[in-house]
Amino acid sequence: MNRSMTKNATTLAALRIESPPATLREIALDRMRRAIIGGLFEPGERLVERTLCEQLGVSRSVIREVIRHLEAEGLVEMLAKQGPIVAKLDWNDARQIYEIRAALESTAVTDCARVAGPDVKAQLREAMSELERTSKQNSPVGVLDATTGFYKIVFEAGGHTVAWEIVSRLNSRISRLRVMTLSTANRMTTGPSQIREIFSAIEANNPDAAAAACRAHVSAAAAIAKTILG
């Protein structure tokens, strides 16, 4: 009886779907988000439903849902009599995003450096390796994903889960600014190098050095963005 129960439990456990497949809307949303962040659609460019339906191979209802979601993320603007356009990058908005990043990220790396143990350091080391690998391949999208992964570990290890929710809501606009700054001379090298300094401070359990390195990294990115947008 016990053997049968164990067998049934094992069989039922194997049926569980741990990672449900993405819906068509989620796939379309991810493609559109990456296209805007990557610069395939220019700031101010109109997003025509019919054209997008043909390009993505989905219905108008899916496109409308995607556009509403992208508007909430700050990647799309709705203009009267013109419809949806790709949101324009503005220095005033960018400045506020960098200020939020500096405040939240410096606090998160400080607390992460204070409590990081072998497991967290190993995770960060792996994320850092991926960041440097994609940087050498000159892959902006790869750098974005690796950087997001690095900071997710930092925020969660430092106990800043609510702050990470805030950063996640801004992530599309943060990523868009990152792609813009990565396109400038040497930023594909200096950016990961500055994050390496943050990691080294966390690995040494040095909160003050981690915070200083983080603020320097965000400040450097903000200075580049100001030059481009200001």
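Asparagine 205 counts as partly exposed, at 32% relative accessibility, where buried means under 20% relative accessible area, exposed over 50%, and partly exposed in between (1.4 Å probe, protein chains only). The place of this asparagine is in the loop between α9 (187-203) and α10, helices being DSSP runs of H or I with at least four residues and strands runs of E with at least two, numbered from the N terminus. Although asparagine 205 is not a glycine, its phi is positive, at about 55°. Asparagine 138, likewise not a glycine, has a positive phi of about 55°; this residue is found in the loop between α6 and α7 (140-157) and is exposed, with a relative accessible area of 54%. As background, most residues other than glycine have a negative phi.

The model is a predicted one, in which local features need pLDDT of at least 70 and side-chain atom pairs count only at pLDDT 80 or more, while totals for chains, interfaces and linings use all residues. Residues are numbered from 1 along each chain as its sequence is written, and side-chain values use heavy atoms, with hydrogens and water left out.

The protein contains 10 helices and 2 strands, which follow one another along the sequence in the pattern α-α-α-α-β-β-α-α-α-α-α-α. The C-alpha trace spans about 65 × 55 × 30 Å along its principal axes, and of the 230 residues 40% are buried. Among contacts (heavy atoms within 4.5 Å) with a separation of 6 or more, 73% are made by residues 24 or more positions apart. The protein exposes about 12800 Å², of which carbon and sulfur atoms supply 53%; accessible areas come from the Shrake-Rupley method with a 1.4 Å probe, and for residues only the protein chains shown count as cover.

Charged side chains were examined with Lys and Arg counted as positive and Asp and Glu as negative, His and the chain ends being not counted. The mean positions of the 30 positive and 26 negative charges are 3 Å apart, the place of a charge being taken as NZ of Lys, CZ of Arg, CG of Asp or CD of Glu. The structure holds 14 salt bridges, each defined as a side-chain nitrogen of Lys or Arg within 4 Å of a carboxyl oxygen of Asp or Glu.

One of these salt bridges joins the side chains of glutamate 203 and arginine 125, at 2.7 Å from N to O. This pair links distant parts of the chain, with glutamate 203 in helix α9 and arginine 125 in helix α6, 78 residues apart. Glutamate 203 is partly exposed at 31% relative accessibility, and arginine 125 is partly exposed with a relative accessible area of 38%. Lysine 121, found in helix α6 (residues 118-136), is buried yet has no salt bridge, and the nearest side chain of opposite charge is that of glutamate 203, 6.8 Å away. Apart from neighbours within four places in sequence, lysine 121 is in contact with Ala116, Phe199, Ile202, Glu203 and Asn205.

A second salt bridge, between aspartate 30 and arginine 34, has an N to O distance of 3.4 Å; both residues lie in helix α2 (residues 24-37), 4 residues apart, or about one turn of the helix. Asp30, Arg34 and Asp145 are linked in a network of salt bridges. The side chains of glutamate 49 and arginine 60 also meet in a salt bridge, at 3.9 Å from N to O.

Alanine 220, in helix α10 (residues 207-229), counts as partly exposed at 22% relative accessibility. Not counting residues up to four places away in sequence, alanine 220 touches Arg187 and Gln194.
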